[in-house]
Amino acid sequence: MQFAQPDIIGICLALAPLDLPPYVLLWIVDWLPRYDLLSHHKKIHLIESVVQSIRKLKGLQSILNHRVVSSLTQFSDQIE
């Protein structure tokens with residue numbers, strides 16, 4: 001599994017904009033040569049962890065964007 005971990009993470013990151021469910025990502029990974037021989041449990045756990053991290057980052061990005069817009073709005077109101 002050690003050799004496959006960076007590849008699986010890379011696939012999850014590359015396909016993140018598609019917002020695919022973890023089991024679809026697993027199905028894609030299993031099409032790679034020899035990856036279907038790896039532990040199903042370890043692969044899905046890794047994929048779920050990466051997907052969860054991506055969702056957390058998207059949530060934080062949304063919060064930060066909202067704060068920036070609010071700050072800019074308040075700043076522009078003060079200038080006028």
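**Figure 1. Overview of the predicted model.** Of the contacts in the protein with a separation of 6 or more, 56% are between residues 24 or more positions apart. The model shown is predicted. The protein has 3 helices and 0 strands, and from the N terminus on its elements follow the order α-α-α. Among the 80 residues of the protein, 22% count as buried.

**Figure 2. Ala 4 and its contacts.** Ala 4 is placed in the segment before helix H1 (5-14). Ala 4 has a relative accessibility of 0% and therefore counts as buried. Leaving aside residues up to four places away in sequence, Ala 4 touches Tyr 35 and Leu 38. Val 29 is 25 residues from Ala 4 along the chain, and the C-alpha atoms of the two are separated by 9.7 Å.

**Figure 3. The two sides of helix H2.** Pro 22, Leu 25, Leu 26 and Val 29 are the residues shown as buried in H2. These residues lie on the same side of H2, because the arc they cover around the axis is only 105°. Tyr 23 and Trp 27, on the other side of H2, are exposed.

**Figure 4. The aromatic pair of Trp 27 and Trp 31.** In the whole structure, a search finds 1 aromatic pair. The pair is formed by Trp 27 and Trp 31 and is edge-to-face, with 75° between the planes and 5.7 Å from centre to centre. Both Trp 27 and Trp 31 are exposed.

**Figure 5. The salt bridge between Lys 43 and Asp 30.** Side chains of opposite charge can pair when their charged atoms come close. The structure holds 1 salt bridge. In this salt bridge, Lys 43 pairs with Asp 30, and the closest N and O atoms are 2.3 Å apart. The pair links distant parts of the chain: Lys 43 belongs to helix H3, while Asp 30 sits in the loop between helix H2 (22-29) and H3, 13 residues apart. Lys 43 has a relative accessibility of 1%, so this residue counts as buried. Asp 30 has a relative accessibility of 26% and therefore counts as partly exposed.

Figure 6. Most residues other than glycine have a negative phi. Asp 19 is a residue other than glycine, yet its phi is positive, near 55°. The loop that holds Asp 19 is the one between H1 and H2. Arg 34, also not a glycine, has a positive phi of about 70°. Arg 34 is found in the loop between H2 and H3. With a relative accessibility of 57%, Arg 34 is above the 50% cut-off and so counts as exposed.

**Figure 7. A nonpolar patch on the surface.** The patch is formed by Leu 57, Leu 60 and Ile 63, which together have about 300 Å² of accessible area. One of these residues, Ile 63, is placed in helix H3 (residues 40-79). Ile 63 has a relative accessible area of 44% and is therefore partly exposed, a class that lies between buried, under 20%, and exposed, over 50%.

How values were computed. Residues are numbered from 1 along each chain as its sequence is written. Side-chain values use heavy atoms; hydrogens and water are left out. Patches are made of residues with over 30% relative accessible area and no salt bridge: like charges are joined within 9 Å, nonpolar side chains (Val, Leu, Ile, Met, Phe, Trp, Tyr) within 5 Å. Accessible areas come from the Shrake-Rupley method with a 1.4 Å probe; for residues, only the protein chains shown count as cover. A salt bridge is a side-chain nitrogen of Lys or Arg within 4 Å of a carboxyl oxygen of Asp or Glu. Helices (H or I, at least four residues) and strands (E, at least two) are DSSP runs, numbered from the N terminus. Buried means under 20% relative accessible area, exposed over 50%, partly exposed in between (1.4 Å probe, protein chains only). Rings of Phe, Tyr and Trp (its six-membered ring) pair if their centres lie within 6.5 Å; planes under 30 degrees apart count as stacked, over 60 as edge-to-face and the rest as tilted. Contact means heavy atoms within 4.5 Å. The arc is that of the directions from the helix axis to the C-beta atoms.
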